[in-house]
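Colleague: I would like to learn how to read a few features in a model. Please take me through them one by one.

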Amino acid sequence: MRTEDRLVEFIRKFSFEEIPNDVLTVVKNVILNVCGTIVAGAKEEGIKTLYDYYRRMGGIPEATVFRFNDRLPAENSALINGAMARALDFCDAMVPGLHMGSTAIPCALAASELVGYVSGKEFVTAVTVGLEVGSRLNLSEKAYDGFDPTGVVSTFVGTSVAARLLRLEHSACLNALGLAFNRSGGSFQSNIDGTLAVRVIQGWTAQTGIMCARYAKEGITGPKNFLGGIYGFYHLYGKDLFRPEDAIKDIGESFLLKRTVFKKYPACGAIQSSVEAILNLKKEHEIEPSYVDRIEIEVTPYVFRLVGREFKIGDNPRVDAQFSLRYCVASALTKGSLRLEDFEEKALRDPSIGELIQKIQVTPKSELDYVDHTAVRVKIICKDKKEYFMAIDIAPGFPGNPLSDEEHVKRFLNLADYAKIGKDRAERIIDFVKSVEKKEDVGELIGYLSH
C-alpha cells in the first residue's frame, strides 16, 4: 500500500480504543491548553479585525466564533479561533517550532458543528489522529530552513481532523490531504519581524483543514502522490532528506505526538530555557537587576536566529516581545516571573527593563546542538565581580523535562484568569476535558468557550 493510502487508512479507521493512556493524557492536555489560549487570546491584537472582516463577508452561520457569541461559515470561524488560540504564543508546540493544537482544536470544534453531533470519543479520536499525522510529517530545522513549520505541516493536521469528523471516504480523504499539501507554506520571517502574520498563519491552517475536507467531499481532487511524488512534500519541503515511508512506520502503534511541548512561560519555545535559568539564578542567589553588570547567554544557532536579535518595539509589541530572548530574560529578572501581563505594551516600555536589556549579550554556540535544541548557558556577572552560572540542557515542558499535572492545570487557570471568564466556568472546562471521552456531545464545550 502506498504511503499516502496508508496514512489515509490511519486517519479513517484508527479507533478510540487504540489510544494508549499516556497518549490520551497528552491529547487532553492539548485540548485543555488550547481552550485556555482561545479564551485568553480573543482580545489580542488582530483578532477582532479578523472577526469584523469575516463578519462583513457574511455567509451561512455554521460554526461558533468563540468569545464573540456569533456564528460564521465553518472555515472562517476556524480561522478566527485558530488565530486567537495562537495569539498569546502560549499554546502547545513541537520542536523545531510546529504548533498543532491551535489548528486541531478549532478544526475539530468547527467540524463538530457542521456534523451537528459529535461524541467526546469521536472528538478525542479525531484530535489524536490529526496530532499524530502532524507529528509524523514534522521535519527538521535543516529541512525547514526558515519555512514556518506550522504553515507547512498544520495544514495536514487540520485536514486530517476535519476529514475524520466529516467521515470522508478513502478517495475523498486522499484528495483532501493532496489539496492541503498545496496550501502549505509560511515563513519564520513573520516571527522575526514581529508581525501578526504569526497568528494569522495558524488561523489559515485551521481554515484550510475545513476547506480542503469540504472541497474533497464535493469532488475536488488533489495530487495523489502528495508525499512521495517527484514534486511532493518530501522533495519540496523535506529536501529529499527523509524517506516518505518513515512517516507511516508503526503508525497507530507508536505515537510521536508524545513529543509535544507545553510551555511553562508565555513566549516562544526557544526562550523557555533562558527564562528558567534566569529565574532559578535570581531565586537561588537573590539577584536584583541593580546588581547586574552584564548577562551572557549562549544558545543554539537556530535559537539565536529566531529570538536572539536586538529587542525593538515595532507595530505589534506583544509579538516583538514573544520572540525576543532579551526582553523575556530582562523582564523575568526584574519581576521574578514571566506572566501574560508582562507582554502588554505598558510593561514592554518599562525603562528599568529597557536598561537591563542593554546589558544582555546573546551568542550562538554550535556545540550546544549536540546537547539539545533547547540547551542554554547563562552567566550573570555582577558589579561586585561575582559571577553566577547556570546550564540547562532541556527546557521545562519539553520531552525529557515535562510539566506536572498540577502545572498543566495552573497554566490553564492563569489563562482563564487573564481572560476573566470566572472561576466556575474555568472549572467546568477543566472537568469537561478530564472526562471528555465520556461526554455525549462536545457542544457542551463549545458553549463554555463561546461567551
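Colleague: Is His99 buried or exposed?

Modeller: Start with the scale: buried means under 20% relative accessible area, exposed over 50%, partly exposed in between, with a 1.4 Å probe and protein chains only. His99 has a relative accessible area of 5%, so His99 is buried. His99 lies in the loop between helix H4 (74-86) and helix H5 (101-115). Helices are DSSP runs of H or I with at least four residues, numbered from the N terminus.

Modeller: A word on the source. This is a predicted model, where local features need pLDDT of at least 70, side-chain atom pairs count only at pLDDT 80 or more, and totals for chains, interfaces and linings use all residues. Residues are numbered from 1 along each chain as its sequence is written, and side-chain values use heavy atoms, with hydrogens and water left out.

Colleague: Which backbone atom does the side chain of His99 reach?

Modeller: A polar contact is a pair of N or O atoms within 3.5 Å; within protein, one must be able to donate a hydrogen and the other to accept it, and residues adjacent in sequence count only if both atoms are side-chain atoms. Here the His99 side chain reaches the backbone oxygen of Asp92 at 3.2 Å. Contact means heavy atoms within 4.5 Å. Leaving aside neighbours within four places in sequence, His99 has contacts including Arg86, Thr150, Gln202 and Lys263.

Colleague: What about Glu4?

Modeller: Glu4 is found in helix H1 (residues 3-13). Its relative accessibility is 4%, so Glu4 counts as buried. A polar atom of the Glu4 side chain lies 3.0 Å from the backbone nitrogen of Gly228. Beyond four places in sequence, Glu4 touches Leu174 and Lys224, among others.

Colleague: How do I read a helix pair?

Modeller: Two packed helices are described by the angle between their axes and the distance between the axes. Axes are lines fitted to C-alpha atoms, for helices over the stretch in contact, and angles run from 0 to 180 degrees between N-to-C directions. The axes of H2 (residues 21-41) and H20 (residues 423-434) come within 9 Å and cross at roughly 160°. H2 and H20 are therefore roughly antiparallel (angles over 145 degrees).

Colleague: Which residues of H2 and H20 meet?

Modeller: Lys28, Ile31, Leu32 and Cys35 in H2 meet Ile429, Ile430, Val433 and Lys434 in H20.

Colleague: And Val27?

Modeller: Val27 is also found in H2. At 0% relative accessibility, Val27 counts as buried. Beyond four places in sequence, Val27 is in contact with Val124, Val127, Thr128, Leu131 and Leu257.

Note on methods. Helices (H or I, at least four residues) and strands (E, at least two) are DSSP runs, numbered from the N terminus. Angles under 35 degrees count as roughly parallel, over 145 as roughly antiparallel, 65 to 115 as roughly perpendicular and the rest as oblique.
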